[in-house]
Amino acid sequence: MPCWIEVQLSDVEAGRRFYGELFGWSFEPAREGVLWASRKGASVAALAPKGDGRMPTVWTVYFAAPDLGALLGRIRGSGGQVVTGPSPVGPGSGTGRPLGVMALAADPEGAVFGLWQAGTHAGFARRHEPGTFTWAELYTRDTGAANDFYAHLFHDALFGPGAAPDFGRAAVDEVFPPEMPPHFLVHFGVADVAKALATVHRLGGRTQVNPFTTSYGTVAVATDNQGASFALLER
């Protein structure tokens, strides 16, 4: 299941101002310039500085991986690739256990996602409410192939008894121009999409896709004032 989200930004302080006002987040230093965002005292996301200016400004969704090594093996065996990692993430030497171990991977169509094997940091402390992660949608060119790939990785979470998955799959051209590359889109819950979009514009962001209706609610796609795309979801 999705367990954490992080945005890579050129200006983390500008991101603090944008998302703090949009979602009512507060922040605290985490590690190496990274800020942890909290809502009502519970951690919900991270804002990280880009290590290289050529890296994309993007929100990344991380999936929980109790056995990261085994999962990376299944990704390679199913036609995906490991982009970075696995790498331990921690507060530094002498401080005990690491926060966890992370990796970035890509599915056969190139959509990038994160994997997180928890140490002291399990992930979201709050979700499924306004101002927090609510859904992740994979926009892909071949939904059948995506279903096969992710079912092989996350079968129980998607299709097991009592499964309540936090992500879905849709064709890219249902929402975006057909030349848009396959990608994951993080959705944040909001009480009112129109009001949230107005706040996005006031803070220097823009609307990328006007509100539309889905099986899981009303969605609009926006970009922040540095170009990172995300969705607003009113249920």
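Leaving aside its neighbours within four places in sequence, with which residues is Gly119 in contact? In this predicted model, local features need pLDDT of at least 70 and side-chain atom pairs count only at pLDDT 80 or more, whereas totals for chains, interfaces and linings use all residues. Residues are numbered from 1 along each chain as its sequence is written, and side-chain values use heavy atoms, with hydrogens and water left out.

Apart from those sequence neighbours, Gly119 is in contact with Arg97, Pro98, Leu99 and Gly100, contact meaning heavy atoms within 4.5 Å. Gly119 lies in the loop between β8 (112-118) and β9, strands being DSSP runs (E, at least two residues) and helices likewise (H or I, at least four), numbered from the N terminus. The C-alpha atom of Gly119 is separated by 7.3 Å from that of Val101, 18 residues apart along the chain. Gly119 is partly exposed, with a relative accessible area of 22%, where buried means under 20%, exposed over 50% and partly exposed in between (1.4 Å probe, protein chains only).

Thr134, placed in strand β9 (residues 133-140), is buried, with a relative accessible area of 4%. When neighbours within four places in sequence are left aside, the residues in contact with Thr134 include Asp166, His187, Phe188 and Gly189.

Elsewhere, Leu71, Arg74 and Ile75 in helix α2 meet Phe149, His152, Leu153 and Phe154 in helix α3. By class, this contact of α2 with α3 has five nonpolar, one polar and one charged residues, where Ala, Val, Leu, Ile, Met, Phe, Trp, Tyr, Cys and Pro count as nonpolar, Asp, Glu, Lys and Arg as charged, and the others, Gly among them, as polar.
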